[in-house]
Structure formats: structure tokens, C-alpha cells
Amino acid sequence: MASAGKRVLMLLENNPYSQDIRAKREARALARAGYQVTVICPRPKKGRSFEVVEPNIHLYQYPPPGGGGGVLSYLWEYGYSALMMFVLSLRVARREGFDVIHAHNPPDTLWPLAALYKLFGKRFIFDHHDLSPEMFFARFGNKSSQLLFNTLVLFEKLTCRLACHVIATNESYQKIEMERGGVPPERITIVRNGPDERFSLVAEAPEIREKATTILGYVGIIGPQDGLDYLLRSLHHLVYTLQQNDIFCVIIGKGDAVPQLKEYARQLKLEKHVWFTGWVSDEDLLRYLSTADICLDPDPSNPFNDRCTMIKMMEYMALGKPIVAYDLSEHRVSAGDAALYAQPNDELAFARRIVELIHNPEQRRQMGQIGRSRIEARLAWSHQEKHLLAAYDTLTAAPDRAARTASAR
């Protein structure tokens, strides 16, 4: 067990630990640095209530709440999860103990739990993955009331102001935390999403390569806000407007929009050109993306996506793949010249950018090299975890300084 002061309780509601790449990397980085990390999260299908997944990383997993994808379903999910996390946190406090609460969002509804434990001297880190108000608006549109949006903004403010330190994924999030959350810059550390060194090219998948001369690839969550409808319309333009018939697009991932998108692909007559793989193993993920000639990020422009750093872009670059994406500010910060950018939300322009790369293999090769170099130089997780540990050093040093000051007095 780690010494007092280096025991971390991670709260992770949005995904099981095994499926959350960022949380897993952060937990491993902390464990290697001598922290004891205990994670409370939903239980995956084959998971157990308690697991020791690695040295110094323990999981307490509760049954997932189930439900649909509507607003009421989310309210039930978040309320149920907060209750389960509170109950399990009492068990962790009794068994292992903890000194720091590290809450990953979404949601921003865990601040009451953090406020309670701060009364007992626990420190609180808010790991700001997503802008929940903007995400809900992007997902539900006009069905998301102004009252709900304002409530989520309030929860975000409360979470930020309760936090002893905030971890932001990029400068856009840092600006939101400062302006909307009232957090001073010295209490914010930027820890970008980035692939680890194991994310590298492997042998191609022959069953994919034989499908077409040009293989397109996508990986990511597949929800209503993730732009897969834009992608399908671009592929329709590619095949039927621009007459590029010799293409096949592998769409890797899962989400609640998959059934509707499969039906939409059928309506657009794309059955021969698109494959929804569902959730795949890490080995198959690398095989499929290694086979792709061009990788795609169809996230449309909106107040949520415009500020987000997309991990899929980092993974594409780690594999040396050229990218086509909409021209969003954080896309350019991430990919630079490793991507061709289309006018935001213009599906035909997106398709034309794909055609440019189909007919220029040398450009694809150069863009792939640029992307890989950006990862190696500053965007790989090995660079980012240093910032995470620096944030923890600042946080855990504060009580020591306070104790020394009190002793001197």
C-alpha cells in the first residue's frame, strides 16, 4: 500500500475502466509513480465487483444502471451512479483509505461527494474530459431545454470551484475553466489526450484489403453528436456524385446511434462500401487501422466539437495515417499539416478532400510522416503523463508546506 498522502480514489462514471483509455493511462502513470489508485466505475459485462488489475490499481465496480438514451435516462443514470459511488467510497475509506479524489467527467454531478470528503481533509482533482453543457446540447439539440443547459453550467462551476486542481485536455478547456468556472490559471494543468508507444503499425488485415483499392478508416464512439451521419453523406457523395466506387470504409466503435446509422447507410445505398465493426479487440483495432489508406474525423462544427481534442486523430497520427477532417480550431492544433481540412459541415467538400488523397499517394505518405513526427515530438502519452504527475506533485506538496509552516510557528 502507498503511504498516506499518495492514495488516490478515482471516480469514473462514463465508462468501465477497461474501456476508458485516458483513465487507464492516468491510473497506470500514478501507480508507476508510487501512488495507490482505487477506481470506482461501472462494471463491464464480464467484470467482477472487485478486481486488482495491476499492482497498485484496484477496481470497485457497480452494476451499470441500464436505460435508453434520452434526457430522463441520463438523469437516472447519474443519480444512481452517484449513490453507488458514495456507498463504495465508504467501503474504500474503510479498507484502503484515500487522500485524493480524482473525478473524471462526464458527468459534473459528483461535486457533492467531493464536497463531503473535503470536510474530512481530502483533496479534490477534477479531470475535465468533456464540456457537459455543450455536449448535451450537441446531443439533444432543441430537446435539451435552456434550464437543463444552465443547470449543467452551474454544476460545472461548482465542480471547478471545489477542485483543488483542474486537469484540462487543451487550451480551449482551460479558457472555459478560467472564464466560466472561475479557476485561476495556477490551479489548471493541461494534460492532452495522446496515444501510448504501443499504438503502432502492425500487419494489414487481408480480409479488409481485398474489399477495395482504397480503404478508409474511422474509430471512435458512435453517438448522435459524433458526426457519423455527416460521414455517411460524404461517402454517398464520394461514390455517387464523384464516382469513386472503389472504396471501402471500416467504422470501428460502438454507441447508441449505430442501429439508426446502419439503416441510414442502407437508405444511402452504401451497404457494399461500409462496415460497422462494433467493439473490437485492441489487436483487431490496430490491424484494421493499419490497413486504412486514409483516416477520417467527421466531427461537425458546433460549440462542443470546436473545443475538443479528439483522441482518434492522435491515434491516426501515431500510425502514420493521413487524415481528412472538418476545419475546427482544435483539429488544427492537434493534427497541423497531417490533415486535409474541409469547410465545416460541408459533406461534399469533405468527400472532395478524400478524393484529393485517393489520387495522391505521395501526399498521403508525407502527411503520415508529419503526423507521426508530431506524436513522437510532443503529443505521445509519455510527454503528457509528466504534466499529470507535476499536477499531483503540486497538490500533494501543499499539505507538506502547510505542516512545515505550522511547525515553524
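## A covered strand

Strand β5 (residues 100-104) is mostly covered, with five of its five residues buried. That comes from a predicted model, so keep it in mind as you look around. Side chains in a regular strand alternate between the two faces of the sheet. Here Val100, His102 and His104 point one way from β5, while Ile101 and Ala103 go the other way, and all are buried.

## Its neighbours in the sheet

What does β5 pair with? Strand β1 (residues 7-12) runs parallel to β5, and five bridges join the two. Look for valine 8, whose bridge partner in β5 is valine 100.

β5 also pairs with strand β6 (residues 123-128), again in the parallel sense and over five bridges. Across that pairing, isoleucine 101 stands opposite phenylalanine 124 in β6. Getting from β5 to β6 involves helix α3 (residues 111-118): β5, α3 and β6 make a right-handed β-α-β unit.

## A greasy bit of surface

Now for the outside. Leu83, Phe86, Val87, Leu90, Leu116, Leu119 and Phe120 form a nonpolar patch on the surface, and together they have about 670 Å² of accessible area. Helix α2 (residues 71-95) gives the most to this patch, with four residues.

Phenylalanine 86 is found in helix α2. Its relative accessible area is 30%, so phenylalanine 86 counts as partly exposed.

## Aromatic pairs

The count of aromatic pairs comes to 12. One of them is tyrosine 35 with tyrosine 392, an edge-to-face pair at 5.2 Å centre to centre with 70° between the planes. Tyrosine 35 lies in the loop between α1 (21-32) and β2 (36-42) and tyrosine 392 in helix α15 (residues 381-408), so the pair ties together parts that are 357 residues apart in sequence.

Tryptophan 111 and phenylalanine 155 make a tilted pair, 5.9 Å centre to centre and with 55° between the planes. Tryptophan 111 sits in helix α3 and phenylalanine 155 in helix α5 (residues 146-162), so this pair links parts 44 residues apart in sequence. Tryptophan 111 is partly exposed, at 22% relative accessibility. Phenylalanine 155 is partly exposed too, with a relative accessible area of 22%.

There's also an aromatic cluster to find: Tyr62, Trp76 and Tyr80 form one.

Definitions and conventions: Residues numbered from 1 in each chain as written. Predicted model: local features only at pLDDT ≥ 70, side-chain atom pairs only at ≥ 80, totals over all residues. Heavy atoms only, no water. Patch = residues over 30% accessible without salt bridge, like charges linked within 9 Å, V, L, I, M, F, W, Y side chains within 5 Å. Areas by Shrake-Rupley, 256 points an atom, 1.4 Å probe, with all protein chains shown as cover. Salt bridge = Lys/Arg side-chain N within 4 Å of Asp/Glu carboxyl O. Buried < 20%, exposed > 50% of the residue type's maximum accessible area, 1.4 Å probe, protein only. Pairing = 2+ DSSP bridges. Right-handed = clockwise from strand over helix to strand, strands pointing away. Phe/Tyr/Trp six-rings, centres within 6.5 Å; stacked < 30°, edge-to-face > 60°.
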